[in-house]
Amino acid sequence: MFSTFIQKRTNTYKPFFYDIKKNKEKKELTALLEKKESLEVLDEIESQLKELIKLKYPQKKLSEEESKDLIKNHLGEMSLEEYGVWVYYPWLNKVIHLLPEEEFIEVRTNRNHYKITPKEESILAKKKIGIIGLSVGKSIALTIALERVCGELVLADFDEIELSNLNRIQTGVQNFGVKKTVVVAREISEIDPYLKVTCLHDGLTEENANVFFLEGGKLDVCIEVCDGLYTKIFSRQKAKEYGIPVVMNSSDRGTTDIERYDLDPNLPILHGLIDHLDLSLLKEAKTNEEKVPYLLPMLGVETSSNRLKASMLEINETITTWPQLASGVIFGGGICTDVCRRLLLKQITKSGRYFVDVEEIINDKVGDYFSNKKNEIDRFTLILETKKKDYQNEIDNYNKFHSDFCSNDVLTKIEVEELVEHAIMAPSGGNIQPWKWIYTDGKLFLFNDKNRSKTILNYNNNANLVGLGAATENLILKAHELNIKVHFDKLPYLKDEVLIAVFYFTKDAEISVKDDLVNYIPLRATNRILSKKGESLSEAQLTSLKKSIINIEGAELRVYQNKQELLKIQDILIELDRVYLTSKKGHHHFISEIRWGKREIELSKDGVDINTIDLTPTEKAGLIVSKEWDVVKHSKEWDLGKTFGKLTKKAIDSSAALAMIVLPKSNSHRFFEGGRALERIWLTATKENIGMQPISINAFLFERILENDFSGIEELEIKLKELAAQFYKVCAIKETEQNVFFFRLFRGSKPKVGSLRRELEKVMIYEED
């Protein structure tokens, strides 16, 4: 009685496009709407435009008004109704208003970035993938379409949707009797009507093989996931003939096969698993008895799951064919899509059989991430402490050639400890604390610790020399407070020299002027707080800072406050941070310098405590994510990584001024003396309630340009020279001058967390005569 209501099925799977800016297409759409009054018209073009505009301004949170204005500008003279295209889906009885192709794809795939980069997307858009079999193949085809791993799909299957398919194929009962090719192609067009789809409703046959593999351009990948044994072999024979790679997924244990006939035309079919069989008989195999000799080696029965093996025993007894689960089929869709994407992008080249077995990965017998992490050996290693014997040759050589030098007085251990305790409150690059103090024969030797000198920024020990100079200034200030006169022998500057200075002392000396800066040694700290830009520094404060170093010969403090100058310097330093931190050596140095957790901080008492960096929760998460070089190298490959300059940008934005310590290049001790000047400026700033933070890698990286030595960072040579030229020009640095240290000055709150110092017994050795 209902037969008169049954509508005839059609194989239509391609929607119709109408651009109503074209008069002809506008008339056609109007006629369609008048003819089919039941048509549902969906117009969400404004929301699509809103998304488009939003992704064009990723760094800005647009207000509703701003978004509307930008949409209006984007449309120009065009009306909303005219913008884009109207797409008619006959099988849905719907007309839907969509963005034009390029913008539709841009918005739809934006959330792929940067797991798939825009450059990779443009490569994939030109690729063509063929799929044989649409059970597992439907999941693969839809996932490929969702990710847009290609610009064209060719689908081959002769079968129709049946009730028994619905345990693994995502479709509805309304599609019973509809060709699988049609069902899949329709769903793809509903996701992305611009993705080209061709259907072979008879499956892959000897007659249409050339159409499948070659028509309209050769396939870039063939995905074979059909049930027919002959088709499995025949498709590979053709793929091998045409040099097309084949990918297969069986949905059991995530088994995935890759056969690179494009790279190796002599590769045996199915990895040689069926070379011993007569393939000419396969076409005639009809019964399971005839198929099993071919089927078992193809599937790799010895590597199949135990449940699949057990199920095979029941075929023709309690079940008619081997089982497939939706979870395995859908999982296989993801695996195949991932493999095809990487294959097309030349990220994998190997052939072979692979397993992604969830049952092996997740079960009661294997440890989970957290339990495994507890059992991990802690990878954090302390820098080994040096002993006196490590420096004995230097001490002996010095005493040999300076036998007439001696202190007027011998200091007690308590007196030396008090001096050194204040000396080591000095700053050092990355809080490396490069000093080793040895008091022997009435003299205090200052060494550059041999185990704390091997960093990429410590070129010619220049970074360490700044810290050692600052420590020397502290020692002198404290000695004068204790009425101890200091004479020190500054050793000639030699590359890789570890003996830096030797100090001689006279007790109960009359110190005519005692510097009150000594009182601020315990209070001095690196201030990384990034508050909003506050009040500028007064002329009196700047004068005070400059006057503090008048006794350091040749040292000069230059201050930059002009807004345009600051912006230019900011751009240079942001780019310097980006290229340095996305280089392997630079990244390693930065990550090694940070102390990431309480245990590291307490064990080492050196490095930069992450809690001293003013970070938002998002920035801290980003910093933790970037610990792994394999993460950062992607930013380098994609020529991205602006986030690595973000902290420098924020630091300069919140500064009252930027400042530089300059000394003549002719001064061979310029970095050591620059360190003394730095400490005096810093102590004065502390006294004046001015915050200070080093932004100093430019000085130590640019120093390499003098000797044209870029060993270890060869990849950065051109960029460093370019940035140095820009920096010196903006900062007005003469050819004869050396930028020793660069930092920011600001008025703001004091840091709540300070950097720790290593125990005195680890940095000082005292020997009585």
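Contact here means heavy atoms within 4.5 Å of each other. The structure is a predicted model, in which local features need pLDDT of at least 70 and side-chain atom pairs count only at pLDDT 80 or more, while totals for chains, interfaces and linings use all residues. Residues are numbered from 1 along each chain as its sequence is written, and side-chain values use heavy atoms, with hydrogens and water left out.

Lys128 belongs to strand S5 (residues 128-132), strands being DSSP runs of E of at least two residues and helices runs of H or I of at least four, numbered from the N terminus. Its relative accessibility is 4%, so Lys128 counts as buried (under 20% relative accessible area, with exposed over 50% and partly exposed in between, for a 1.4 Å probe and protein chains only). Once neighbours within four places in sequence are set aside, the contacts of Lys128 include Cys150, Glu152, Val154, Glu215 and Asp220.

## The buried side of helix H24

Within helix H24 (residues 646-653), the residues Thr648, Ala651 and Ile652 are buried. They lie on the same side of H24, because they cover an arc of only 95° around the axis, the arc being that of the directions from the helix axis to the C-beta atoms. These buried residues pack against helix H19 (563-581) and against strands S19 (657-664), S20 (691-694) and S21 (737-746).

## The lining of a cavity

The second largest cavity is lined by Asn431, Arg595, Ile601, Lys605, Asp606, Gly607, Asp609 and Leu756, where a cavity is a set of points on a 1 Å grid over the protein atoms alone at which a 1.4 Å probe fits but cannot get out, and lining residues have an atom within 4 Å of a point.

Definitions and conventions:
1 Å grid on protein atoms, 1.4 Å probe; cavity = no way out; pocket = protein on both sides within 12 Å on 5 of 7 lines; lining within 4 Å.
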